[in-house]
Amino acid sequence: MTSPPSLDPFPPPIPVDTHPNRAPGSKSPELERSLPDPNRLAPEDAYFAPSLSRAQSAPRNYEENLRSMNGESSAHIGSAAALRKKLGSAGRRRKRKSAWKKLLWVKQSYPDNYTDTETFLDHLQRNPRVRPYDFWPLVADSTVIVQHVCSVVIFVCCFVSIVQDRVSPVSIVCWGSVGTAVGWILWDNWIWKEHEESVPSADGITGGDDGSSSISFASAVDTPADDTQSDDTKTNAIHGLGLSMAGNDSKEQFARRSADFSERIDTVTHLTGQSGVPSAPGSSIIGTTDPFISQDTHRVSTLSPRNRQRLTTVKSAFLIYFALLGLSPILKSLTKSTASDSIWAMSCWLLIMNIFSFDYGSGEGAGATTKFPASLSTNAAVMASTVLASRLPSTTHVFSLMLFSMEVFGLFPIFRRQLRQKSWTGHVLLTLTLVIVAGGAVGVTLSGGWAAAIIGSVLGGILTAFVMGGCSWWLISLQKYKNVVIGPWDPARPIIRRHWN
Amino acid sequence: MPYNIAMVSDFFFPQSGGIESHIYQLSSKLIDRGHKVIVITHAYKGRTGVRYLTNGLKIYHVPFFVIYRETTFPTVFSFFPIFRNIVIREDIDIVHGHASLSSFCGEAILHARTMGLRTVFTDHSLFGFADAASILTNKLLKFTLSDVDHAICVSHTCKENTVLRASLDPLMVSVIPNAVVAENFCPLSHTTRTPDQGQSSPADAPMSPRPIGPDDPITIVVISRLFYNKGTDLLIASIPRILASNPNTRFIIAGSGPKAIDLEQMLERNVLQDKVELLGSVRHEEVRDVMVRGDIYLHPSLTEAFGTVIVEAASCGLYVVCTRVGGIPEVLPQHMTTFAKPEEDDIVLATSKAIAALRSNKVRTDRFHDQVKMMYSWRDVAARTERVYEGIIGDISPEEFYGYYPGQGWEASGDRVRSFALIDRLKRYYGCGVWAGKLFCLCVVIDFLIYVFLEMWFPRANIDIARSWPKKPPASKTQTTRSVR
């Protein structure tokens with residue numbers, strides 16, 4: 001009961017032909033050391049060969065250091081005896097030839113709390129996959145956030161001016177609708193130009209039975225990128241960093257975008273449908289005449305697929321329009337019994353939720369699998385605008401605001417995402433416009449007049465620039481605190497080829 | 001000298017599992033060595049009050065609010081009065097907590113230190129550092145272990161993990177593996193033999209089972225809960241490929257869990273129902289009966305601190321195929337195992353290699369049982385744990401216990417023999433973090449005030465001392481221990 005080596009009441013482990021060393025895996029073969037290493041000292045050296053070379057610069061483990069201490073004091077008998085006493089009961093000590101091994105099944109002649117300085121934590125990795133950020137790409141990526149925040153600000157300012165009777169709601173919704181129409185025409189052009197360039201590859205994926213499965217199918221298939229995509233990819237590679245996922249082929253983009261658009265409209269239709277109007281047939285119309293499917297399966301149809309899709313879009317636009325028109329009287333009196341203060345607070349929180357849960361990724365590749373569903377953000381925004389609209393005096397007001405919110409929160413993000421992939425200059429210009437408009441709108445809302453608008457735009461622009469730069473710089477400066485520790489205790493990531501799926 | 005030891009953990013029988021059986025086996029072997037051991041756990045459904053198990057192991061089931069998976073609600077202080085009462089009543093010297101997720105264990109270690117008792121903590125699991133949940137758990141572990149006298153880990157990987165998580169001095173952490181009751185995991189050919197202790201050498205085991213021919217059927221056994229971190233996805237992906245490339249092979253899969261549906265779907269998709277037998281969950285005492293039906297044990301786990309089940313499988317005479325994760329590479333010698341990377345292709349390859357090795361009779365699985373019996377036993381674990389107790393109580397000098405290595409730099413942290421002075425304890429807690437350190441200090445001060453209050457309100461003199469369980473004559477016990485040695 002005196003020392004650990006002599007404690008075990010069992011016979012020593014039977015000699016089995018094994019590889020007792022822990023093979024350190026594929027990543028660090030240089031760490032592999034064979035058991036009888038001639039370069040390393042054995043404890044007996046301390047007794048028998050006091051004048052060994054002390055080549056090791058760093059002490060390998062305790063025993064060795066102890067030995068070196070004793071060796072330098074010329075290892076007379078007294079120190080050897082002291083050493084023996086320290087190392088364990090002198091008489092019954094088992095042979096201490098073997099180096100310490102990181103194994104549990106061997107009975108080792110070391111105490112249980114022995115820490116081998118050589119192997120302890122040798123598989124630890126720190127910050128193995130850290131990518132250092134660069135300043136300008138980070139600033140460029142932050143434009144996405146700025147765009148969204150600006151559109152929210154513009155929406156709020158529009159609401160305030162409607163409430164304060166400064167601007168007619170009809171004019172706002174007219175301008176918004178004109179913008180939406182222009183955006184849609186642009187979007188339509190891009191999509192079909194792109195599609196025409198890649199028709200052969202798009203024919204390969206006619207197997208999809210609905211929009212969602214075609215998305216998953218297209219993302220699962222991994223084919224080399226088309227040439228048409230290369231400029232896109234380049235743009236992304238230059239300007240994008242974390243938020244943009246480069247290198248998808250165009251048919252996937254096409255499938256995703258068209259499905260995305262119809263899904264959005266679908267979502268919007270559902271949202272309006274949930275509020276009481278029986279819009280089930282409408283949503284089923286959109287569901288069955290999915291643009292992506294229709295252009296492949298209904299080739300015999302009289303209309304060209306492009307026109308069919310346009311027709312579908314127009315159809316759903318009208319559906320939303322009339323649904324909103326029908327809903328407006330209901331929405332007007334929705335929160336009559338609620339105090340305005342609660343409404344302001346609630347819409348504030350909902351808009352903040354919208355900003356924080358918004359999908360700022362490019363919607364492709366790994367970025368598409370965000371933690372929050374994009375619908376959370378859209379739902380929050382639509383609910384915020386609903387409760388805000390219920391504060392308005394007339395049905396026209398309510399209808400205008402709701403339609404405007406659909407345009408701002410439902411359709412505008414799709415356009416922005418597409419624009420960012422298509423043309424970086426357009427993206428930057430749009431950002432600038434949004435910042436200036438938002439600043440001006442805030443200025444007008446706060447004090448009114450053109451002078452205030454200009455001051456607001458200038459101040460807003462400067463402030464935005466400072467915030468973008470400051471936040472990017474802050475994030476980069478915070479990088480030095482990054483300390484990712486990875487080791488064998490982490491759950492392994494299984495690598496599976498789902499060939500049977 | 002015998003100690004009075006209190007094992008504290010949320011996890012104990014009637015719940016079954018690795019930690020539970022660890023506590024039970026360790027306690028009963030410590031009792032065999034002449035110590036007095038009690039177990040403090042929370043009340044389970046239908047299991048309250050004080051109970052005695054075999055060998056006079058006394059269990060206190062303290063009524064407590066359970067929040068999640070049999071873990072009690074962490075209240076920091078509310079456990080103190082009854083804990084103090086139990087500790088005084090049983091005249092405890094050492095408090096030994098188990099499992100880092102058990103809030104009972106953490107509280108008990110804090111209160112025991114306040115009461116001036118020595119504490120030991122055993123860690124059974126591995127934690128990462130990445131996600132928010134583990135950050136919180138690691139902070140709590142740091143709180144628990146800031147003032148502990150010694151920690152025990154079940155594998156060297158677990159030790160590295162614990163040292164990092166709780167910023168401990170590595171010399172204050174011992175590695176004492178789990179063990180198996182080898183008698184309960186005999187291969188089929190051993191059933192006739194009397195299960196007496198390891199007197200039998202492998203030489204007198206001539207009755208090897210029939211050798212496996214090149215075309216004989218091979219059965220692969222998998223016993224694990226079907227969870228993500230047990231690698232069930234890997235299993236699901238590799239089963240069809242293993243069966244396709246190795247004719248005359250079949251699987252027996254025991255265990256249940258959320259991934260069971262995926263497994264069944266895979267079987268239906270590949271029409272493998274006649275080659276794969278699903279048993280559902282089996283009780284721990286039936287595990288051996290399932291294991292002995294197979295030749296290979298496949299363990300595709302993604303993380304594992306020790307992996308008792310592969311030791312059990314090897315003890316049953318099964319050749320083990322397992323992933324090289326966590327502490328698994330330390331557990332079994334190379335000739336009993338084939339390691340694979342946690343990848344589908346590698347698992348298929350390793351299993352095929354293992355099947356080929358068995359069919360060509362390269363592996364002497366009939367010797368595994370005796371070898372495992374010599375590697376792992378609870379008596380050995382108890383003896384090694386006893387040394388830890390001796391070290392922290394001071395029966396072994398600190399120089400001998402921690403090693404005396406002058407000029408090593410390790411000496412600089414000469415705080416290993418933890419003093420009970422409040423100011424020293426506060427110093428240790430203060431270093432836990434900018435905010436956490438102050439919060440922890442506050443907790444410790446409050447705990448101390450509660451202790452003072454309890455001492456005044458419920459004086460020690462009014463607490464009865466429980467009579468200990470009548471011991472077996474200790475003379476014969478020590479005699480046998482000596483003779484075996």
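**Exercise 1.** Does Ala374(A) count as buried, exposed or partly exposed, and why?

Solution. The model is predicted, with local features requiring pLDDT of at least 70, side-chain atom pairs counting only at pLDDT 80 or more, and totals for chains, interfaces and linings using all residues. Residues are numbered from 1 along each chain as its sequence is written, while chains are lettered from A and ligands numbered from 1 in the order in which they are written.

Step 1. A residue is buried if 20 or more other C-beta atoms, placed from the backbone, lie within 10 Å of its own, exposed if 12 or fewer, and partly exposed in between.
Step 2. Ala374(A) has 19 C-beta neighbours inside 10 Å and therefore counts as partly exposed.
Step 3. Ala374(A) belongs to helix α14 of chain A; helices (H or I, at least four residues) and strands (E, at least two) are DSSP runs, numbered from the N terminus.
Step 4. Asn354(A) is 20 residues from Ala374(A) in sequence, and their C-alpha atoms are 9.4 Å apart.

**Exercise 2.** Describe how α14(A) packs on α15(A).

Solution. 
Step 1. Helix α14 (residues 374–389) and helix α15 (residues 395–422) of chain A pack at about 160°, their axes 9 Å apart. Axes are lines fitted to C-alpha atoms, for helices over the stretch in contact, and angles run from 0 to 180 degrees between N-to-C directions.
Step 2. This angle makes α14(A) roughly antiparallel to α15(A); angles under 35 degrees count as roughly parallel, over 145 as roughly antiparallel, 65 to 115 as roughly perpendicular and the rest as oblique.
Step 3. The crossing of α14(A) past α15(A) is right-handed. A crossing is right-handed if the near helix is turned clockwise from the far one by less than a right angle, and left-handed if anticlockwise.
Step 4. Contact (C-beta atoms, placed from the backbone, within 7 Å) involves residues including Val382(A) and Leu388(A) of α14(A), and Leu401(A) and Phe409(A) of α15(A).
Step 5. By class, this contact of α14(A) with α15(A) has 8 nonpolar, 4 polar and no charged residues. Here Ala, Val, Leu, Ile, Met, Phe, Trp, Tyr, Cys and Pro count as nonpolar, Asp, Glu, Lys and Arg as charged, and the others, Gly among them, as polar.

**Exercise 3.** Characterise the packing of α5(A) on α15(A).

Solution. 
Step 1. The axes of helix α5 (residues 169–197) of chain A and α15(A) come within 9 Å and cross at roughly 30°.
Step 2. The two helices, α5(A) and α15(A), are therefore roughly parallel.
Step 3. α5(A) passes α15(A) in a left-handed crossing.
Step 4. Among the residues that meet are Trp187(A) and Trp190(A) in α5(A), and Phe404(A) and Phe415(A) in α15(A).
Step 5. The contact of α5(A) with α15(A) has 11 nonpolar, 8 polar and 2 charged residues.

Technical notes. Two residues are in contact if their C-beta atoms, placed from the backbone, lie within 7 Å.
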